[in-house]
There are 2 protein chains.
Amino acid sequence: MKQVALAAYARGNPRASDFRVEEVPVPQPGRGEILLRTLYLALDPLLRFSVDETTLTGASRVEPGSVMVGPAVGEVVASNHPDYAPGDVVEARSGWQEYCVLAPDKSDYRGPPRKLDPARAPVSTALGALGGPGQTAYEGIVRVGRVTAGDTVVISAAGGAVGSIAGQIVKVLGGRAVGIAGGAAKCAALLDLGFDAAANYKAPDFAAQLAAALPQGADVYLDNVGGDVTMAVLPHLKRGARMPMCGFIAYYGVGMEGPGPDRLPGFYRQIMNKGLEIKGFAGMLGGQKGLEDIAGWMRAGRIRFAEAFVEGIEAAPEAFSSVFSGHDHVGKLLVRVAPEA
Amino acid sequence: MKQVALAAYARGNPRASDFRVEEVPVPQPGRGEILLRTLYLALDPLLRFSVDETTLTGASRVEPGSVMVGPAVGEVVASNHPDYAPGDVVEARSGWQEYCVLAPDKSDYRGPPRKLDPARAPVSTALGALGGPGQTAYEGIVRVGRVTAGDTVVISAAGGAVGSIAGQIVKVLGGRAVGIAGGAAKCAALLDLGFDAAANYKAPDFAAQLAAALPQGADVYLDNVGGDVTMAVLPHLKRGARMPMCGFIAYYGVGMEGPGPDRLPGFYRQIMNKGLEIKGFAGMLGGQKGLEDIAGWMRAGRIRFAEAFVEGIEAAPEAFSSVFSGHDHVGKLLVRVAPEA
């Protein structure tokens, strides 16, 4: 089987050359263990921290030479555990490898592999709309952002897995959704998903596009990026605006301090002058309610989930790198490692 | 009479030489106007923005050559308005001058001069514990910080008017109050006011003092300063900590961007990693309830309010400058312009 190991810690944006593809024997499950065949890998931006030398050992840092970690969907092909049978499809953090042995009873705080119901939704959505990204979108819009009918909500990285769902939740709640994405095609795709307006941060007239999309300002800013995009959004926030913060991809490779000038004084000034409310959060604050609501909205046709696939585990390093350099996909970017049975 | 005019916009921290003292005739009140004799001036740090060239005209910017603005307590010495009589003591934004003519019916959004009851509390407290600083402390601790019994609350600029009251409100609510101030004498004064611990940010072992004062971390950080002090506090905040932000004196003279490196990436990282909740606010969010509670706590002896005085309006420029360079007073720094009747 093939697996992808970390070759060297990333500096700045990860590159494909930070990884290497290896061939190794398929492992065999021992007592209480199961063998998974990987179907899909999710290239979550937060995995950037697992390939950073400055991340604390033991948290989720991968050492060079070790297999890359990350969430995946896989099929049970052999089981020595009473709760899992061959043919079951599960979501697990089984990493970048074609096969993986797991011990469900020795799982970390994330819990044992989560069994999926293929009749309920495509199993790949467990890594997107019905997984971490969907949860994050729900928390940001519903719980932290407290969006209600009539609110204008601006969303950075709106073409991503979180942002594309977040905008559609805004619409379900009766708000106005404004997305920021890189490229005219992605912006058009956002409008197609139901966003009311979109602004292309790669365009020379981005500032004008944003101003035109937010003539009355914004009540909520779901921030997934930080950096230049956030600096452009802040002047458009209304007094008392809420700013749920679920990521900061502009700074993932930067560490605690970036090159000057220091933008923190201006950030403080905006928080004070506008009475902004900022809250950082990650993942599953509110349990399963969010996923149940999203599943219901998907069944009702009110939320569509976009997925983009690259083929084969060898493609993972390059695709992961593209998450940071900007790519043309809308929705969740997945690696299809093997066909579903 | 004497008045203090702005001589030149401040750059960086204000200096006494940015102002000049002038002698002019005492003005006479016209129809509907009152004449005030100034008793006390408050040297609020936020007045920094009134002497900044980059502040929008019309907001509260003072043009060079004009009399400096600011909150004051004064006595009515002549009145052509039915609601005010000679001998009344009021709080008003009458500026840095020994006498001032005001038209109560033409007041700005801050409202007409507020009549004070000298039997209720010393009138100078209208500029401190029973004025804007008291309100800010109350909002930060009670409303935004949502402090409850058992919470550990760390307070920057704890020797200031806001901070010294905020810490005492924490104690009333059953929390643990940790103050940060400049100088061992100020820290001792905080303990005397009832703070549980204090850390001297000017001491070489500030980091160790802070760590010793926060062995379990902090649930709430009332931030009034930003800059190096806040960078030192952030690592001690617990997951989900609240950070009410009522000022950022470290950056008042800086504008939107300071000299590098850029500390915003690290700020984002702390917000996300710890799920921090930050909210900027200023003054009177919650109406009079805060001042009534504080007045009650003062009557009950549960809150003491410290004031420090400098004498004579000529002393205002130097005293204002000392607010930014650091001074040795605890509590509200006031200029006593004239004796009370």
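Student: Which residues does Val220(B) touch, leaving out those up to four places away in sequence?

Tutor: Contact here means heavy atoms within 4.5 Å. By that rule Val220(B) touches Gly145(B), Val147(B), Thr152(B), Val153(B), Val154(B), Arg242(B) and Pro244(B). Before we go on, a word on the source: this is a predicted model, where local features need pLDDT of at least 70, side-chain atom pairs count only at pLDDT 80 or more, and totals for chains, interfaces and linings use all residues. Residues are numbered from 1 along each chain as its sequence is written, chains are lettered from A and ligands numbered from 1 in the order in which they are written, and side-chain values use heavy atoms, with hydrogens and water left out.

Student: Where does Val220(B) lie, and is Val220(B) buried or exposed?

Tutor: Val220(B) lies in strand S11 (residues 218-222) of chain B. Helices (H or I, at least four residues) and strands (E, at least two) are DSSP runs, numbered from the N terminus. Buried means under 20% relative accessible area, exposed over 50%, and partly exposed in between (1.4 Å probe, protein chains only). With 0% relative accessibility, Val220(B) is buried.

Student: How many residues of helix H1 of chain B are buried?

Tutor: A general point on helices: an α-helix has 3.6 residues a turn, so residues three or four places apart point the same way. In H1 (residues 132-144) of chain B, 10 of the 13 residues are buried, so this helix is largely enclosed by the rest of the structure.

Student: What is the phi of Arg146(B)?

Tutor: Most residues other than glycine have a negative phi, and most peptide bonds are trans. Arg146(B) has a positive phi near 50°. Arg146(B) is in the loop between H1 and strand S8 (152-155) of chain B, and is partly exposed at 41% relative accessibility. In chain A, Ala157(A) also has a positive phi near 50°; Ala157(A) lies in the loop between strand S8 (152-155) and helix H2 (161-172) and is partly exposed at 29%.

Student: Which residues does a cis peptide bond join in chain A?

Tutor: Gly260(A) and Pro261(A), with omega about 5°. Pro261(A) is in the loop between strand S12 (237-245) and helix H6 (264-274) of chain A. In chain B, the bond from Gly260(B) to Pro261(B) is cis, with omega near 5°.

Student: What rotation superposes chain B on chain A?

Tutor: Two copies of a chain are related by a rotation about an axis and a shift along it. Here the rotation is 180° with 0.0 Å of shift, and the RMSD is 0.0 Å. That is the relation of a two-fold axis. Copies are superposed by least squares on the C-alpha atoms of residues with pLDDT of at least 70 in both.
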